[in-house]
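Please look over the notes below with the model open beside them. They go from the overall make-up to individual residues.

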Amino acid sequence: MAFVDMGDQFIALSKGRSAPPDGARHFGLVVDDKDAVRAALENAGVEIEPGRRLDFRDPWGNHVQVVDYRDVQFTKTPAVLAGMGLDALDKRPQALRELREKGLA
């Protein structure tokens, strides 16, 4: 079992099933700089799936989707953002609109 610390979250990785990967299951990682992640993946030789999104397969075939924090419909508290050194990170207009529609902004 391996635990990867990701700011106020973590991901736990463990040896798992032996079945081949499927097309529907995936997990998403929310990041503060999607362009930097794309560049790091490209520099590491990771094959990025075609399209506008930032999706790739890890070495075990798991589908990983990288999403920019500024575009997602959840927020971190100001204290958490400050603790992560991201207190200047703002949501984009579409995400703010969706948060307002849900009564969350």
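1. Terms and basis. Buried stands for under 20% relative accessible area, exposed for over 50%, and partly exposed for values in between (1.4 Å probe, protein chains only). This is a predicted model, in which local features need pLDDT of at least 70 and side-chain atom pairs count only at pLDDT 80 or more, while totals for chains, interfaces and linings use all residues. Residues are numbered from 1 along each chain as its sequence is written, and side-chain values use heavy atoms, with hydrogens and water left out.

2. Overall make-up. The chain has 3 helices and 5 strands. Both kinds of element are DSSP runs numbered from the N terminus (helices H or I, at least four residues; strands E, at least two). Their order from the N terminus is β-β-β-α-β-β-α-α. Along the principal axes, the C-alpha atoms fill a box of roughly 45 × 30 × 30 Å. Of the 105 residues, 23% count as buried. Contact is defined as heavy atoms within 4.5 Å. Among contacts between residues at least 6 apart in sequence, 39% join residues at least 24 apart.

3. Strand 1 (residues 2-6) and strand 2 (residues 9-13) run antiparallel and are joined by 5 bridges; two strands pair if DSSP finds at least two bridges between them. Ala2 has Leu13 in strand 2 as its bridge partner. The two strands form a hairpin with 2 residues between them, and Gly7 in the turn has a positive phi of about 70°.

4. An open sheet is formed by 3 strands in the order 3-5-4, with mixed pairing. Strand 3 (26-31) and strand 4 (54-57) are at the edges with a single partner strand each, so one side of each has no neighbour in the sheet. On average, neighbouring strands of this sheet are turned by 25° against each other, direction ignored. Strand 3 pairs with strand 5 (residues 63-68) in the parallel sense over 6 bridges, and Val30 stands opposite Val67 in strand 5.

5. Helix on the sheet. Helix 1 (residues 34-43) packs on the sheet and touches strand 3, strand 4 and strand 5; its direction makes about 35° with that of strand 4. Axes here are lines fitted to C-alpha atoms, for helices over the stretch in contact, and angles between N-to-C directions run from 0 to 180 degrees.

6. Nonpolar cores. A nonpolar core is a set of buried Ala, Val, Leu, Ile, Met, Phe, Trp, Tyr and Cys residues joined through side-chain atoms within 4.5 Å. Which residues form the largest nonpolar core? There are 7: Val31, Leu41, Ile48, Leu54, Phe56, Val64 and Val66. Strand 4 and strand 5 are the elements that give two or more residues to this core. A second, separate core of 5 residues includes Tyr69, Val72, Leu81 and Leu86.

7. Phe56. This residue of strand 4 is buried, at 11% relative accessible area. Its C-alpha atom is separated by 9.0 Å from that of Leu41, 15 residues apart along the chain. Neighbours within four places in sequence aside, the contacts of Phe56 include Leu41, Val46, Ile48, Val64 and Val66.

8. Gln65. Is Gln65 buried or exposed? Gln65, found in strand 5, is buried because its relative accessible area is 17%, under the 20% limit. Not counting residues up to four places away in sequence, Gln65 touches His26, Phe27, Gly28, Leu29, Arg53, Leu54 and Asp55.

9. Rings of Phe, Tyr and Trp (its six-membered ring) pair if their centres lie within 6.5 Å; planes under 30 degrees apart count as stacked, over 60 as edge-to-face and the rest as tilted. By this rule there is 1 aromatic pair. Tyr69 and Phe74 form an edge-to-face pair, 6.1 Å centre to centre with 75° between the planes. Tyr69 is buried at 5% relative accessible area, whereas Phe74 is partly exposed at 32%. A charge sits over a ring if NZ of Lys or CZ of Arg is within 6 Å of the ring centre and within 35 degrees of the ring normal. The charged end of Lys91 sits over the ring of Tyr69, 3.5 Å from its centre, and over the ring of Phe74, 5.5 Å from its centre.
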